[in-house]
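Hi,

Here is the structure I promised to pass on. Have a look at it first, and then read my notes on the charged residues below.

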Amino acid sequence: MHVLERLGKLASQALSELDIHLEESEVIQLLEEPPKEVMGDIALPVFQIAKKVKTSPAELARALVEKLGETPDPIVEKAVNVGGYVNFYLKTRVLAEMLSEALKKYGEDYGRIKVEKPLKIVVEHTSANPVHPLHIGHARNSIIGDTLSRLLTWRGHRVERRFYVNDMGRQVAILIYGYRALGCPKVRDKPDHFMGIIYAMTNTIIEIDRLKTEINDAKKSNDDKRLKRLLKELDEWVSVADELRRKGPELFDTLVEKLRGRDHEKELSLLMKAYEERSDKQLVEVFRKVSEMVIEGFKETLRKVHVEFDYWDWESNIVWSSILDEIVEKARKLGKLVTYKGAYAIDLTSIQRSEDLRRKLGLPQFFKIPPLIVKRSDGTTLYPIRDVAYSIVKFRNADKVINVIMAEQKLEQLQVKLALYALGYIKEALNLIHYSYEIVKLPGVKMSGRRGRYVSFDSVIDDAIVRAFYEVKKRNPNMSEEEASKIAKMVGIGAIRYALISVSAEKPLLFDWNTVLSFEQNSGPYIQYTYARARNILKKYGKPVDYTNLDYDSVEEKAERRKLVKHLLKYPHVISKAADTLAPETIVDYAGKLSETFNKFYDTDPVLTEKCESKKKMKLVLVKGTQVALKNILSMLGIEAPEKM
RNA sequence: GGGCCCGUAGCCCAGCCUGGAUAGGGCACCGGCCUUCGGAGCCGGAGGUCCCGGGUUCAAAUCCCGGCGGGCCCGCCA
């Protein structure tokens, strides 16, 4: 039986003897860890209970401790009352034994508590537009999505990782427009980077032309205020153009020449329509080919940081299938199809009236969401409705869908949810989770794919690895280049993944090279280093850990030993909770604390030179526990566990 | 105009959901520790109006109301 359950039962019994009746589970809910070691191992605050039965907390705690004292418990050393708390001190020997038994029984799998009813869960993440390389903002999305997937898998769920290839928007059309104007040039460089430049250049030229037209209008109508604003905007785009031209003068000049005098908007609209209607076979091929090349670039980047997908879902496939028509038909039958601003739309107003529903779907209380427009007047579809369709597709074989999407799309995601509900997809609406995260901020720079201004994920990865290589070499001058670079990859990527997951998702993440490339405490490499230390001891010991004749009492001798035991006993629950509450950042926090405790133990309490065999074996159990826990945690974080670094 | 998120040390963050014991870390700064399993480490020091003002409570960083500051969203864009 686990410690908390044991204490819950004990306290609940003692309470009932005082004629206070509380469920064990309620008592367990109240149990907490005291802020300081000296205050005991587990505390029961009695304030709430005291209020219920109208006694003073101090009085109740005293009575409770007295009752608890009457029947000695096998795991409780003593219980004392301190100002409204009952503090339990647990028997060190029992804790040590529990840990040893669990490790002996589960081995490398220690800490894995599988859910009773596994769910099929879709995690959709990254889903960047295939028009430029992944940048550091997408990186946060990928790492969050991938870590969530790993956690849920560890917990026993069946997870499907999906990437939504957004190939039907205006952005891809812009890229294709420029790419074709250039005569479909051969790809030099990594394809996503190459296409990213063409995209940004094309977009910039289009923007500048648009602004010039608007400026002429403003001049004619003597609208000074508008003119001033437009000129300022033009100024900014011209400097963007300068930046881009410097990256590829020939490419840029050719593009300017080829696009001169053309009606961009008209051509873009024709491109989009033709792709959606599949009216031009060759054009469809170009769209597909270009998108695929960029996606290949994505895959290469993501592989480096150990992110893989099970499915790549093309938006175009959804549009070309019959599902959109089915949705429209369904809306019509349900009487939800209305005209809004002259276009077909799905009505969402009626269902927004239900207070109960608003709460269930997480809608802000007084916020109004407009009808969801289904089709443009030219007959082509819009993104939100395609997203509704995609949600239905994802749910075909899933109990729950988690979409990792940036916070600025919150309202749009709510609209999708509401539309699903309105169309009768109740289960889908209720099990659709928008896992929202804030942007990555770069000091001084506003990142923008449309302007070609971004720190690419590739460059961050490369820099981290170079820096790590230097650190590895500094510490191991005689190590071969090959081995050093292998380790540098593990360390560099460990630093990045850790940095991107350790800040809670709802906070903007300030991208600071010093933090991301930090290899010190509170970093991925710190955890890896701790792991390598633990691993090293076991390796030097040379034999499997022997769980017989352990000196459990010796754990009492040093504070750090006892602390390690407690941390390691907590580990299975920390991980389970992190998975169940979708809070990956909490396991980072735990890993840091465990590592810190282990390092203190390591510094002050030698294992291999321990003379007494039964004490040595006990210490080895602690080392083994740390090694197993850290290895599993690192794997959940998608970080490799090096044996040497 | 309406809505959502954030505000904790010079800097970056944890704690807030579920109120409770002197508010925790890391970076940077100052001072120590390599003849013992790896110093990417360990020990010590200094550093705080938990944005402000009310309220609820025996008790508020935490809950409620009102401000202030920052970010984001409200398109026949995606």
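A quick definition before the details: a salt bridge here is a side-chain nitrogen of Lys or Arg within 4 Å of a carboxyl oxygen of Asp or Glu. Keep in mind that this is a predicted model. By that definition, the structure holds 53 salt bridges.

Let's start with aspartate 580 and arginine 155, whose closest N and O atoms are 2.8 Å apart in a salt bridge. Aspartate 580 sits in helix 24 (residues 559-580) and arginine 155 in the loop between helix 6 (136-154) and strand 5 (158-165), so this pair ties together parts that are 425 residues apart in sequence. Aspartate 580 is partly exposed, at 43% relative accessible area, while arginine 155 is buried, at 9%.

Next, glutamate 643 bridges to arginine 535, with 2.6 Å between the closest N and O atoms. Glutamate 643 is in the segment after helix 26 (613-636) and arginine 535 in helix 23 (residues 524-541), so parts 108 residues apart in sequence are tied together.

What about aspartate 605 and lysine 619? Their side chains also meet in a salt bridge, at 2.8 Å from N to O. Both count as buried: aspartate 605 has 4% relative accessibility and lysine 619 has 3%.

There is also a network of salt bridges, linking Glu207, Arg210, Glu214, Arg226, Arg229, Glu233 and Arg450.

Finally, the surface: Glu5, Glu23, Glu24 and Glu26 form a negative patch. Of these, glutamate 23 lies in the loop between helix 1 (3-17) and helix 2 (24-30), and is exposed at 52% relative accessibility.

Cheers

Terms used
Residues numbered from 1 in each chain as written. Chains lettered and ligands numbered in written order. Predicted model: local features only at pLDDT ≥ 70, side-chain atom pairs only at ≥ 80, totals over all residues. Heavy atoms only, no water. Patch = residues over 30% accessible without salt bridge, like charges linked within 9 Å, V, L, I, M, F, W, Y side chains within 5 Å. Areas by Shrake-Rupley, 256 points an atom, 1.4 Å probe, with all protein chains shown as cover. Lys, Arg positive; Asp, Glu negative; His and termini not counted. Charge placed at Lys NZ, Arg CZ, Asp CG, Glu CD. Helix = DSSP H or I, 4+ residues; strand = E, 2+ residues; numbered from the N terminus. Buried < 20%, exposed > 50% of the residue type's maximum accessible area, 1.4 Å probe, protein only.
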